[in-house]
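Here are some notes to read with the model open beside you.

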Amino acid sequence: MVNILQFLSEDFTQPSRVNERLGQLLASEIQNPGSKSSEDIGVLNDLKNVVSQSQVSSAVQAESKQFRMTLQELHWLEKHDESSWVDYLIHRYKFRMFPQSQKVSDFPSYLLIEPTSVCNLRCVMCFQIDETFTRDKSAMGLMSWELFTSVVDQAADNGCQAITMASRGEPTLHKRFGEMLHYIKLKGLFDTKINTNATRLNEKLIHDILSSEVSNVTFSLDATTAESYEKIRVGGKFDEVLSNIKMFNRIRATDYLNSVTTTRISGVAVDPDQNPAEMQSFWSEFVDEVTIVPNIQRWDSYNNPRFNRKEVCNILYSRMYVWWDGTCNPCDFDYKSLLQVGNANEQSIADIWKGERYTRYRKLHENMRRSELNPCDRCPL
Ligand SMILES: C[S@@+](CC[C@H](N)C(=O)[O-])C[C@H]1O[C@@H](n2cnc3c(N)ncnc32)[C@H](O)[C@@H]1O
Ligand code: SF4
């Protein structure tokens with residue numbers, strides 16, 4: 001398989017074909033907005049200008065003050081039916097641009113749903129090694145089907161298109177994980193992602209992932225040999241994970257020729273012996289994209305040294321986490337949820353998103369007073 005970034009830059013040096021069609025679709029949507037909210041109609045008009053100027057940038061430049069479609073977004077459009085293009089771009093615009101002007105959308109544009117907080121591994125850089133968390137019975141559990149469907153229903157009813165099925169634990173440990181993916185597809189959400197340690201993949205689950213048209217599966221691992229892998233991903237077996245990823249590829253290639261699902265290896269830079277070039281060359285044979293993210297010191301977010309950063313945190317305007325027991329949280333750096341903003345068993349997602357607690361945190365950040373919040377005072381982001 002080719003590296004996706006390489007593929008994209010070759011394939012999309014001339015994105016005019018996509019832009020032209022997109023321009024027509026946006027113009028027709030602006031004329032007939034149907035039941036679109038006034039927020040979405042405003043976004044449609046901004047998007048029309050972007051498309052008419054054919055503005056495309058690489059992902060690394062995506063955080064500019066102006067919205068430019070990234071190569072990844074163009075790639076998404078290429079892979080998906082035109083009927084979802086406009087809604088997808090509205091979602092991407094809100095997700096990337098609203099945080100820059102600290103605008104709070106009507107509903108979170110991105111939800112991260114945690115099927116379970118339990119994990120079968122103990123990766124050395126992860127909060128799963130904090131036993132005050134994993135041994136706390138009230139913190140460990142599985143999401144009920146009723147809560148899950150209620151959250152997804154609200155997302156679908158409010159035009160939220162993006163869901164990641166993972167947060168603090170290993171999502172594939174939930175017995176109904178496959179069914180959950182099918183339910184999201186049934187509800188018409190089109191940008192679903194999964195993060196998994198790939199230890200529990202099996203044929204049935206791989207079919208569930210591919211047939212429910214998950215847009216991206218990220219396999220979390222950081223090494224190219226059993227020795228280095230097992231030093232970091234404690235409890236995992238390199239050979240099993242590699243063979244599971246090969247099984248995924250075999251099934252995708254034989255049964256899902258036109259699959260929309262892309263794959264990624266996401267490693268964390270934890271060990272000086274890790275070699276990014278080796279990671280790239282080894283794993284690009286097996287996945288579409290290989291990334292290594294910086295190590296965020298979050299295994300004990302609460303006792304880290306204080307950074308006292310003054311910047312407003314973007315996450316407060318772009319996403320919300322819904323954990324297995326309904327707890328809603330602004331981020332998973334705060335894995336013990338000291339910043340809990342509400343509970344989805346008791347309130348609607350929209351009310352929590354615009355509620356008193358979330359609003360207070362945003363105001364503190366905007367007024368350069370985030371150091372009054374633990375763990376915002378210790379967060380490097
Ligand atoms: C907490 S895991 C939960 C989902 C799943 N168990 C997995 O490993 O993909 C979500 C993502 O966080 C990453 N991660 C874990 N510890 C991290 C750290 N200290 N800094 C940055 N990313 C980290 C993992 O590699 C994974 O991609
Ligand atoms: S990174 Fe994922 S697999 Fe590793 S311990 Fe954390 S939750 Fe588990």
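This is a predicted model: local features need pLDDT of at least 70, side-chain atom pairs count only at pLDDT 80 or more; totals for chains, interfaces and linings use all residues.

1. Which way do the residues of S3 point? Tyr 110 and Leu 112 go one way, Leu 111 and Ile 113 go the other, and all are buried.

2. Now for the neighbours on either side. S3 also pairs with S9, in the parallel sense and over three bridges; there, Leu 111 has Met 320 as its bridge partner. S4, for its part, runs parallel to strand S5 (residues 191–196), with four bridges between them, and Ile 163 stands opposite Thr 192 of S5.

3. An antiparallel pair can be seen where strand S9 (residues 320–322) meets strand S10 (residues 327–329), joined by two bridges. In that pair, Val 322 stands opposite Cys 328 of S10.

4. Several of the residues above return in the packing. The largest nonpolar core has 65 residues, and those touching the most other members are Leu 111, Ile 113, Val 151, Ile 163 and Val 322. There is also a second, separate core of 14 residues, with Leu 26, Leu 47, Leu 77 and Leu 89 among them. What does Ile 163 touch, leaving aside residues up to four places away in sequence? Its contacts are Leu 111, Ile 113, Ala 155, Ile 184, Leu 189 and Thr 192.

5. Within H8, the residues Phe 177, Met 180, Leu 181 and Ile 184 are buried. Viewed down the axis of H8, its buried residues fall within an arc of 100°, so they line one face of the helix. The spacing makes sense, because an α-helix has 3.6 residues a turn and residues three or four places apart point the same way.

6. What covers that buried face? The cover over the buried residues of H8 includes helix H7 (145–157), S4, S5 and helix H9 (203–211). After H8 comes Gly 188, with a positive phi near 85°.

7. As background, most residues other than glycine have a negative phi, and most peptide bonds are trans. Glu 213 is not a glycine, yet its phi is positive, about 55°. Glu 213 sits in the loop between H9 and strand S6 (216–220), and is partly exposed, with 18 other C-beta atoms within 10 Å. Ser 337, likewise not a glycine, has a positive phi of about 55°. Ser 337 is in the loop between S10 and S11, and is partly exposed, with 18 other C-beta atoms within 10 Å.

8. One peptide bond to inspect is the cis bond joining Asn 374 and Pro 375, where omega is about 15°. Pro 375 lies in the segment after helix H15 (356–366).

9. Finally, the overall picture. The protein has 15 helices and 11 strands, and its C-alpha trace spans about 55 × 50 × 40 Å along the principal axes. A compact globule of 381 residues would have a radius of gyration near 21 Å, and the 20 Å of this protein agrees with that. Of the 381 residues, 36% count as buried. Among contacts between residues at least 6 apart in sequence, 72% join residues at least 24 apart.

Note on methods:
Residues are numbered from 1 along each chain as its sequence is written. Chains are lettered from A and ligands numbered from 1 in the order in which they are written. Two strands pair if DSSP finds at least two bridges between them. A nonpolar core is a set of buried Ala, Val, Leu, Ile, Met, Phe, Trp, Tyr and Cys residues joined through C-beta atoms within 7 Å. A residue is buried if 20 or more other C-beta atoms lie within 10 Å of its own, exposed if 12 or fewer, and partly exposed in between; C-beta atoms are placed from the backbone. Two residues are in contact if their C-beta atoms, placed from the backbone, lie within 7 Å. The arc is that of the directions from the helix axis to the C-beta atoms. The radius of gyration is taken over C-alpha atoms; the globule rule is 2.2 Å times the number of residues to the power 0.38.
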